[in-house]
Amino acid sequence: MNINDIEAIVFYSRQKSLATLKEAEDMIQTSHWNLAIQRLYYSAFYMASALLLKNKISAQSHNGVVSQLGLHFIVTGKLNKTEGRLYSRLLQNRITGDYNDFFDFTEEDATELLEPTQKLISKLEQLIDDSE
């Protein structure tokens, strides 16, 4: 993949992250808690994936993104441990919501994650900008 391809994918992923964050906000406004939780995770996932790609770091799975963020951004202090735990929590919540037929998230679950996720996405986006 050449630099133009990387830049195009990073740009697209950033836009997708922000659009997905808006979807999460919309789902909260319309009381769709499970969908809000899912969209919060994916908004972070798209931005984290863009950050990894921008830094030429490969991840083959959702758990791989967690591992690579830990290795290259948490261990190095570019992200703090709280931010890393938030990302892991978002992933675990997404898995729970998608695969546990007898579980539903609540308004509190979704609303308490909105602002921290917004801040995490901003931080990831800043790290992408700093990588240029």
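Trainee: Which helix holds Leu113?
Mentor: The model is predicted: local features need pLDDT of at least 70, side-chain atom pairs count only at pLDDT 80 or more, and totals for chains, interfaces and linings use all residues. Residues are numbered from 1 along each chain as its sequence is written, and side-chain values use heavy atoms, with hydrogens and water left out. A helix is a DSSP run of H or I with at least four residues, a strand is an E run with at least two, and both are numbered from the N terminus. Leu113 falls in the helix of residues 107-130, which is α5.

Trainee: Is Leu113 buried or exposed?
Mentor: Buried means under 20% relative accessible area, exposed means over 50%, and partly exposed lies in between, with a 1.4 Å probe and protein chains only. The relative accessible area of Leu113 is 1%, so the residue is buried.

Trainee: How far apart are the C-alpha atoms of Leu113 and Ile37?
Mentor: A contact means heavy atoms within 4.5 Å. Leaving out residues up to four places away in sequence, Leu113 touches Ile37, Leu40, Leu86, Arg89, Leu90 and Asn93. Leu113 and Ile37 are 76 residues apart along the chain. Their C-alpha atoms are separated by 8.1 Å.

Trainee: What share of the contacts in the chain between residues at least 6 apart joins residues at least 24 apart?
Mentor: The chain has five helices and zero strands, in the order α-α-α-α-α from the N terminus. Among contacts between residues at least 6 apart in sequence, the share joining residues at least 24 apart is 67%.

Trainee: What radius of gyration does the chain have?
Mentor: The radius is taken over C-alpha atoms, and the globule rule is 2.2 Å times the number of residues to the power 0.38. The C-alpha trace spans about 45 × 25 × 25 Å along its principal axes. For 132 residues a compact globule would have a radius near 14 Å, and the chain agrees with that at 15 Å.

Trainee: Which residues form one aromatic cluster?
Mentor: Rings of Phe, Tyr and Trp (its six-membered ring) pair if their centres lie within 6.5 Å; planes under 30 degrees apart count as stacked, over 60 as edge-to-face, and the rest as tilted. This rule gives seven aromatic pairs. The cluster is made of Tyr41, Tyr42, Phe45, Tyr46 and Tyr87.

Trainee: Why is the pair of Tyr41 and Tyr87 tilted, and at what angle are its planes?
Mentor: The ring centres lie 5.9 Å apart, and the pair is tilted because its planes stand at 55°.

Trainee: How many residues apart are Tyr41 and Tyr87?
Mentor: Both Tyr41 and Tyr87 are buried. Tyr41 belongs to helix α2 (residues 33-54) and Tyr87 to helix α4 (residues 81-99), and the pair links distant parts of the chain.

Trainee: Which residues does Glu83 touch?
Mentor: Glu83 is in helix α4, and its relative accessibility of 16% counts as buried. Not counting residues up to four places away in sequence, its contacts are Leu120 and Lys123.

Trainee: How far apart in space are Glu7 and Lys54?
Mentor: Glu7 sits in helix α1 and is partly exposed, with a relative accessible area of 32%. Glu7 and Lys54 are 47 residues apart in sequence. From C-alpha to C-alpha, the distance is 7.4 Å.

Trainee: What is the phi of Ser31?
Mentor: Ser31 lies in the loop between α1 (3-29) and α2, and at 43% relative accessibility counts as partly exposed. Ser31 is not a glycine, yet its phi is positive, at about 60°.

Trainee: What is the relative accessible area of Lys56?
Mentor: Lys56 is in the loop between α2 and α3 (62-74). Its phi is also positive, near 60°, in a residue other than glycine. Lys56 is exposed, with a relative accessible area of 64%.

Trainee: How far apart do the centres of the positive and negative side chains lie?
Mentor: Lys and Arg count as positive, Asp and Glu as negative, and His and the chain ends are not counted. Each charge is placed at NZ of Lys, CZ of Arg, CG of Asp or CD of Glu. The chain has 13 positive and 18 negative side chains, and the centres of the two sets are separated by 7 Å.
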